[in-house]
Amino acid sequence: MAAPSREQALAKTAFALMGDWKVAPTPENYELFYVYAAGTNAALGKIIDTMIREKTPFTQPFLQGLCNQFLARERTAQTMEDVGAGISGMLDAVMGRLERAGKDAGEYGRTLSAASGELGGNQSPAAVAKMVERLVGATHAMEARTKALESELQRSSEHVTELKTQLDTVRKESRIDPLTGVANRKAFDIELQAAIKDARQDGSSVALMMCDIDHFKRFNDTWGHQTGDQVLRLVANCLSENVKGRDTAARYGGEEFVVILRQTPLEGAAKLAEQIRANVENKKLVKKSTGDILGTITISIGVSQLRDNDTPDLFLQRADRSLYRAKNTGRNRVVTETDLVRTASSHAA
């Protein structure tokens, strides 16, 4: 009997784990445990290892969070690989068709040259008629090959359009934080560079908000990671509701979020930050499984404005220092870089 393939062994392991831990046999859950069994994602492996070691039940909301966090990346990488292979195959096919077209054109050219040479002599009417018939046949054949090439190139063009659409979709997905639905750190870095560049060119203002969820670890420790994920989504939704147009809200990492505000001076950014802070505080956190109200969420926000000689790091550092002051002076408040200067001046006096 042939030995089972690696894929079969991994599938068997995944199903066994799902059975042992009473995990619902959905396609996404199977994919999750298959990736875990394969050991191709260290971060996912660490989380599931901890769950197994501590004998923590795998609830469906928690599993869904893992799927959103990890499987999206796996699928994005696979789609990128598939699109790359498709483009490579299509280019090889097009090059082959063009090579054949070149050979056909060369053969047709030689036929014309030969006919030109024959016309130089004293040809009988029958010989001329035969030569003309040969030329007409060669021309028709060349026309047919040209039409076939045009059709093939049209199909290739349509295939390229499809691949481009897939690539655009993957590119967008690769810049979205799967848990919260806002931009991820990669997208933020790109947008911040672009915002600074545009401001340098047109002289407009750019402000930056850095937000941190107050006592987030306490929520995780008290209510579990599922509730922690719910908190992250709640804050992300509040940011998205208040950020429009060319502005960008992103998850910076962990429980930190950042917002790029184009064409916005510091004063306007501070007002918006206060509006967001109040909106978050007015939300009630409800445990989905029981409907119990767990309390309110608050955030601290630091705000900075782009200066003439700023690099992205300097711009971020001032927002981060403002956030640090907000956290250390009571939380649930907005502090701007101007507030930092005022505080330093009052201490100096």
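**Close-up views of a predicted model**

View 1. Residues are numbered from 1 along each chain as its sequence is written, and side-chain values use heavy atoms, with hydrogens and water left out. S300 sits in strand 6 (residues 299-305). Helices (H or I, at least four residues) and strands (E, at least two) are DSSP runs, numbered from the N terminus. S300 has 0% relative accessibility, so S300 counts as buried. The cut-offs for relative accessible area are under 20% for buried, over 50% for exposed and in between for partly exposed (1.4 Å probe, protein chains only). The S300 side chain makes a polar contact with the side chain of D214 at 2.7 Å. It also reaches the backbone nitrogen of N332 at 3.2 Å. A polar contact is a pair of N or O atoms within 3.5 Å; within protein, one must be able to donate a hydrogen and the other to accept it, and residues adjacent in sequence count only if both atoms are side-chain atoms. A273 is 27 residues from S300 along the chain, and their C-alpha atoms are separated by 9.3 Å.

**View 2. E337 and its partner R307.** E337 belongs to helix 11 (residues 337-348). Its relative accessibility is 8%, so E337 counts as buried. The side chains of E337 and R307 make a polar contact at 2.7 Å. Neighbours within four places in sequence aside, E337 is in contact with L266, V303, S304, Q305, R307, R318 and S322.

**View 3. Aromatic pairs.** The structure holds five aromatic pairs. Rings of Phe, Tyr and Trp (its six-membered ring) pair if their centres lie within 6.5 Å; planes under 30 degrees apart count as stacked, over 60 as edge-to-face and the rest as tilted. F15 and Y30 are stacked, at 4.8 Å centre to centre and 20° between the planes. F15 lies in helix 1 (residues 6-20) and Y30 in helix 2 (residues 27-38), so this pair ties together parts 15 residues apart in sequence. F15 is partly exposed at 48% relative accessibility. Y30 is partly exposed too, at 25%. F188 and Y252 pair edge-to-face, at 5.7 Å centre to centre and 90° between the planes. This pair links distant parts of the chain, 64 residues apart: F188 is in helix 6 (residues 185-202) and Y252 in strand 2 (residues 248-253). Both F188 and Y252 are buried. F15, Y30 and Y34 form one aromatic cluster.

**View 4. The largest cavity.** A cavity is a set of points, on a 1 Å grid over the protein atoms alone, where a 1.4 Å probe fits but cannot get out; lining residues have an atom within 4 Å of a point. The count comes to one cavity of 30 Å³ or more. The largest cavity holds about 40 Å³ of space. Its lining is made up of A195, D198, A199, D202, S204, V206, R246, R262 and Q263. Helix 6 gives the largest share of that lining, four residues. By class, the lining has three nonpolar, two polar and four charged residues.

Definitions and conventions. This is a predicted model: local features need pLDDT of at least 70, side-chain atom pairs count only at pLDDT 80 or more; totals for chains, interfaces and linings use all residues. On a 1 Å grid over the protein atoms alone, a cavity is a set of points where a 1.4 Å probe fits but cannot get out, and a pocket is an open set with protein on both sides within 12 Å along at least five of seven lines; lining residues have an atom within 4 Å of a point. Grid points are joined across faces, edges and corners, and a volume is the space filled by probe spheres set on the points. Ala, Val, Leu, Ile, Met, Phe, Trp, Tyr, Cys and Pro count as nonpolar, Asp, Glu, Lys and Arg as charged, and the others, Gly among them, as polar. Contact means heavy atoms within 4.5 Å.
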